[in-house]
Amino acid sequence: MAKFCTKCGSALIDGKCPKCEPEVKIVTEEITEHAEEKENNIVQENTSETESSKVEMEKEQSLESNSDQTETVTEKKVVRKVVRKKVIRKPMNPWEMFLTILKAPVTSMERVVNDVYFVNGLIFGLLESVLNAIFICVLMHSLASMVYNSISSLGNSMMGGYSGGYSMGSSYSNYVNIPYFEIFMKTLILILILRFIFLLINWGLNVGMGKAHISFKAAFPALSSYLVGSIMVLMIAIILCFLSPIAGCIVYGLGSILAMIMYVTSMTGIKGIKKNACVWIAFLTLILTALASILISSVIAANYISQLTQMLSLF
C-alpha cells in the first residue's frame, strides 16, 4: 500500500492526503451550498406561487363577494320596488271603504285608520245619524198608528161598527198630527252630539290605554266599523218598523249589540294598539257615552213626553 499521495506526493495519514482532502470537503460543501440554494429557490418559488395563488384566490373571493353584494343589492332594490307597488294604493271612495270594512272589519282597520279617510269616516257618521233620526220618526209613526188603530177598532166595536156612517179608522190624519220634521231635526242634533262625544272618549282611550298612535282626524275612520254595522242594522230596522214597531225595535237592539261586537273585534286590527285593552276601551266608552246621553236627552225627553200626551189626549 502506497504511503504517499499520487497527486501531490505528500505523505498519507491513515490512508488520506491531508492536502487533497480539504478540497473534497470544499467541493462537497460547495455542492451542498448549491443544493441548499436550489432548495431555497424552489421554496421561494413555491412560496411566491402560493402567495400569488392566495392573492388570486382573494381576488376571486372579493370579486365573488362583490358580485354577491351587487346581486343582493339589486334583489333588495327589486323587493323594495315590489313592496312600494303593493303598499302604494289608490285611496278608496266611501262605497269601496264601506264594502271593504263589511267584508273584513279586522284586517281592513290597519289601512282604514288613516288621515286620508277622514272625509269617509265623517260621511259614515252623518249617514248613521240621519238613519237614526229616520228610525225614531218611523217608530213614532208606527206606534201612533198602532195605538190609534187599536182605539178606533175598539170604538167601532163598541158602537157596533156603525155610527151614522162615521168610521174612526178612516180619519187617522185628521186626529193625529205628529211634527215629524221637528222630531227629526232634534233627534239628528242629539245623535250628532252623542256621536261626537263617543268619538272624543274613544279617541282618548285608544291613545291613553291602547297606546295607539291615532290622530284626531284618523279617529273618525277608526269608528267606521261600528258605523258600518249600525248603518246596516238601521236600514233593516226602518223597513221592519213599517210592518211592526216591535220587530223593528228588537232588530235595532240586537243589531246595535252586534255592531258593538264588530267594533270591538275590529279595534284589534288598528296598528300599534294593545289588543288586551280593546274590550275595556269599548266598555268605558259605552259607560261614559251613556252618562252623557242621559244628561243631554233628559232635557229633550220632557218635550217628547209632552207631545205624546197631547197626541193621546186627542183620542
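**Figure 1. Trp-95 and Phe-98 within helix α2 of the predicted model.** Helix α2 covers residues 94–103 and carries both Trp-95 and Phe-98, which are three residues apart, or about one turn of the helix. Trp-95 is exposed, its relative accessible area being 56%. Phe-98, by contrast, is buried, with a relative accessible area of 9%; the cut-off for burial is under 20%, and that for exposure is over 50%.

**Figure 2. The aromatic pair of Tyr-226 and Tyr-263.** The two rings are arranged edge-to-face, at 6.3 Å centre to centre and with 70 degrees between the planes. Tyr-226 belongs to helix α8 (residues 224–243) and Tyr-263 to helix α9 (residues 245–267), so the pair ties together parts that are 37 residues apart in sequence. Tyr-226 counts as buried, at 10% relative accessibility. Tyr-263 also counts as buried, at 1% relative accessibility.

**Figure 3. Aromatic pairs and an aromatic cluster.** Ten aromatic pairs are present in the structure. One of them joins Trp-95 and Phe-98 in a stacked arrangement, with 5.9 Å centre to centre and 5 degrees between the planes. Stacking requires planes under 30 degrees apart. Phe-118, Trp-203, Phe-216 and Phe-220 form one aromatic cluster.

**Figure 4. Helix α9 and its buried residues.** The 23 residues of α9 should span 33 Å at 1.5 Å a residue, and the end C-alpha atoms of the helix are 33 Å apart, which agrees. The buried residues of α9 are Pro-245, Gly-248, Gly-255, Ala-259, Met-260, Met-262, Tyr-263, Val-264, Ser-266 and Met-267.

**Figure 5. The largest nonpolar core.** This core has 42 residues, and those with the most contacts inside it are Met-97, Ile-101, Val-113, Phe-124, Phe-135, Met-267 and Ile-270. At least two residues of the core are supplied by each of α2, α3 (109–112), α4 (118–158), α6 (180–208), α7 (219–222), α8, α9 and α10 (278–313). Helix α8 provides the largest share, eight residues.

**Figure 6. The surroundings of Phe-124.** With neighbours within four places in sequence left aside, Phe-124 is in contact with Pro-94, Met-97, Phe-98 and Ile-101, as well as with Ser-224, Leu-227, Val-228 and Ile-231. A second, separate core comprises eight residues, among them Cys-137, Met-140, Ala-144 and Ile-183.

Terms used
Residues numbered from 1 in each chain as written. Predicted model: local features only at pLDDT ≥ 70, side-chain atom pairs only at ≥ 80, totals over all residues. Heavy atoms only, no water. Phe/Tyr/Trp six-rings, centres within 6.5 Å; stacked < 30°, edge-to-face > 60°. Helix = DSSP H or I, 4+ residues; strand = E, 2+ residues; numbered from the N terminus. Buried < 20%, exposed > 50% of the residue type's maximum accessible area, 1.4 Å probe, protein only. Expected span 1.5 Å × (residues − 1). Core = buried A, V, L, I, M, F, W, Y, C linked by side-chain atoms within 4.5 Å. Contact = heavy atoms within 4.5 Å.
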